[in-house]
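My plan was to look things up one at a time and write down what I found.

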Amino acid sequence: LYTAPIAKTASETTTRVLNGIFGGRCINQSFCFIDVGTHDMALKWPSLPSHRPRLGDSHWWNATHTSCRVGDNSVRLTTIRHPVDRFLSLYRWFRPKLERIFGRNFTFPAALLNDRNAMQTLLAGKLGRREGMGIGAHFMPMHLWVKTAGGQPKVDVLIRFSHLEDDVVSAIELIRSSSPVARTALPQFRFQHVHQTQSPSQKKAENAHAAFASSISSAVERYYRSDFETFGFAFSKQSLVSPLRRAWVLDACVPAPARSSTGGNTPWSWDAAPTSESDWPALLLCSNFRAAQI
């Protein structure tokens, strides 16, 4: 099991939990977790194998465990968070560093969004290790971890930030239920956000910045348009971006079933574009499977 650690989507929380339970050497183990390290490591992942059925499919286990191809017996998961919510979290966390790097005050989120040079530098992940003070790939769009430039999915499971614990447990259970070997009860999962603080000043800041969400939505949509289009999130009424006809996620992924089934590429859609990942019916299972290759 691997995670694609997208910044400010609870990726470090998920990594710590899974590493604590399933971490270690993957020798003589039926299930293990491997920490890929930094955020930019998973950016280099290729697309999912085109000969491997979607997780949950009745043929998935045999396809992953009878193949000699490297990486076939693995599952990649990542967490998706609404772009505006994620940007506000990035802003709160990195504001002091950003002000030192760019030599100006970013008192409000809009100040950063109005600095086109700063935003383009952040979106491209162009800050080097020394001058970037650890920022690196943090502000890059989420879709870069999820799909290739050609549109092929790079991860098997999309977990909802809003349903983090439930979706991680569901993903593990789905993997286990697809296995023909004997299964024991799942261990207890305990999620505590790594960078979360309970200080009154931090909570006050979070509430204040959350109030900016509606006023900065159109700017975030402009910079992160590719994420809105990939995951199908609704654009705000003030948006300057043209509405999307059909989201990438509708064709590449399907909602996870309540329990394992033999379903294939089940069509799905929504009457209205989701306002956040919490509107998805469940965690999503993605696939690059080509049925003709069976």
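**Entry 1: the whole chain.** I began with burial. Of the 294 residues, 48% count as buried. The model is a predicted one. I then looked up the secondary structure and found 11 helices and 5 strands. Next I took the contacts between residues at least 6 apart in sequence. Of these, 70% join residues at least 24 apart.

**Entry 2: the core.** Which residues of the largest nonpolar core touch the most other members? I got four names: Phe-87, Leu-112, Phe-139 and Leu-158. This core has 78 residues. Helix H3, residues 83-102, gives the most to it, with 7 residues. I noted a general point beside this: nonpolar side chains in soluble globular proteins tend to be buried together.

I left aside its neighbours within four places in sequence. Its contacts include Pro-109, Leu-112, Leu-113 and Met-119. Phe-139, Ile-216, Val-220 and Tyr-224 are also among them.

**Entry 3: H3 against H9.** At what angle do H3 and helix H9 pack? I read about 105 degrees, with the axes 10 Å apart. H9 covers residues 213-223. Angles from 65 to 115 degrees count as roughly perpendicular, so H3 is roughly perpendicular to H9.

I listed the residues that meet. From H3 they are Pro-83, Val-84, Phe-87 and Leu-88. From H9 they are Ala-213, Ile-216, Ser-217 and Val-220. By class, this contact has 7 nonpolar residues, 1 polar residue and no charged ones.

Then I checked burial along H9. Its buried residues are Ile-216, Ser-217, Ser-218, Ala-219, Val-220, Glu-221 and Tyr-223. They pack against H3, helix H4 (109-113), helix H5 (116-123) and helix H10 (225-231).

**Entry 4: Arg-225.** I moved on to helix H10, where Arg-225 has its place. Is Arg-225 buried or partly exposed? Its relative accessible area is 35%, so it is partly exposed. I also looked up a distance. The C-alpha atoms of Arg-225 and Pro-83 are separated by 9.2 Å. Along the chain, these two residues are 142 residues apart.

**Entry 5: the disulfide.** I searched the whole structure and found 1 disulfide. Cys-253 and Cys-286 form it, with their sulfur atoms 2.1 Å apart. Cys-253 lies in strand S4 (residues 253-255) and Cys-286 in strand S5 (residues 284-286), so the pair ties together parts that are 33 residues apart in sequence. Why is this disulfide called right-handed? The torsion about the S-S bond is about 90 degrees, so the disulfide gets that label. Both cysteines, Cys-253 and Cys-286, are buried.

**Entry 6: two positive phi values.** I looked at the loop between strand S1 (2-3) and helix H1 (11-22), where Lys-8 is found. Ala-10 is in the loop between S1 and H1 too. Phi of Lys-8 is near 60 degrees. Phi of Ala-10 is near 70 degrees. I marked both values because most residues other than glycine have a negative phi. Lys-8 is buried, with a relative accessible area of 16%. Ala-10 counts as buried at 11% relative accessibility.

**Entry 7: Ser-74.** My last stop was the loop between helix H2 (60-65) and strand S2 (76-80), which holds Ser-74. Why does Ser-74 count as buried? Its relative accessibility is 7%, and the cut-off for buried is under 20%. Not counting residues up to four places away in sequence, Ser-74 touches Tyr-2, Arg-52 and Asp-156.

Definitions and conventions
Residues numbered from 1 in each chain as written. Predicted model: local features only at pLDDT ≥ 70, side-chain atom pairs only at ≥ 80, totals over all residues. Heavy atoms only, no water. Core = buried A, V, L, I, M, F, W, Y, C linked by side-chain atoms within 4.5 Å. Buried < 20%, exposed > 50% of the residue type's maximum accessible area, 1.4 Å probe, protein only. Contact = heavy atoms within 4.5 Å. Disulfide = S-S within 2.5 Å. Axes fitted to C-alpha atoms, helices over the stretch in contact; angles between N-to-C directions. Parallel < 35°, antiparallel > 145°, perpendicular 65-115°, else oblique. Nonpolar A, V, L, I, M, F, W, Y, C, P; charged D, E, K, R; others polar.
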